[in-house]
Amino acid sequence: DDPAFGGTVLRVWEVDGKSGPVTLSVRGFRRAIQTDLLERDLKELRMENGQFKLDLRGHGFASVRLLD
């Protein structure tokens, strides 16, 4: 959590070796922004009913900033 950027950073690690989309459910947030691992914003993800999709590579990492 960096007060300069706000929100909460969620880090995701794919451990099964399978690439593809992952649907994540979060409560209490209205926006999800995919970031690089240094937490620089890359793109806003479509949030609908507390869920958003994220494409992950097998054994890959992802970082998402969640905002109210």
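**Strand confidence, an aromatic pair and the nonpolar core**

Among the elements of the chain, mean pLDDT is lowest for strand β1, which spans residues 8-13, at 95, and highest for strand β3, which spans residues 31-35, at 97. The model described here is predicted, and over the chain the mean pLDDT is 92, with 93% of the residues reaching 70 or more.

One aromatic pair is present in the structure. The ring centres of tryptophan 13 and phenylalanine 61 lie 5.5 Å apart and the ring planes meet at 10 degrees, so the pair is classed as stacked, given that planes under 30 degrees apart fall into that class. The two partners come from distant parts of the chain, tryptophan 13 belonging to strand β1 and phenylalanine 61 to strand β6 (residues 61-67), with a separation of 48 residues. Tryptophan 13 counts as exposed, because its relative accessibility is 54% and the exposed class begins over 50%; phenylalanine 61, also at 54% relative accessibility, likewise counts as exposed.

When residues up to four places away in sequence are not counted, phenylalanine 61 touches Val12, Trp13, Leu37 and Leu56. Of these, leucine 37 is 24 residues from phenylalanine 61 in sequence, and the C-alpha to C-alpha distance between the two is 8.2 Å.

The largest nonpolar core comprises 12 residues, namely Val12, Leu24, Val26, Ala32, Leu45, Met47, Phe52, Leu54, Leu56, Ala62, Val64 and Leu66. Strands β5 (51-56) and β6 each contribute at least two residues to this core. In soluble globular proteins, nonpolar side chains tend to be buried together. Valine 12, one of the core residues, is in contact with Leu24, Leu54, Leu56, Gly60, Phe61 and Ala62 once its neighbours within four places in sequence are left aside.

The side chain of aspartate 36 is joined to that of arginine 40 by a polar contact of 2.6 Å. Leaving aside neighbours within four places in sequence, aspartate 36 is in contact with Leu42 and Ser63.

Note on methods. Residues numbered from 1 in each chain as written. Predicted model: local features only at pLDDT ≥ 70, side-chain atom pairs only at ≥ 80, totals over all residues. Heavy atoms only, no water. pLDDT = per-residue confidence, 0-100. Helix = DSSP H or I, 4+ residues; strand = E, 2+ residues; numbered from the N terminus. Polar contact = N/O pair within 3.5 Å; in protein donor to acceptor, adjacent residues only side chain to side chain. Contact = heavy atoms within 4.5 Å. Phe/Tyr/Trp six-rings, centres within 6.5 Å; stacked < 30°, edge-to-face > 60°. Buried < 20%, exposed > 50% of the residue type's maximum accessible area, 1.4 Å probe, protein only. Core = buried A, V, L, I, M, F, W, Y, C linked by side-chain atoms within 4.5 Å.
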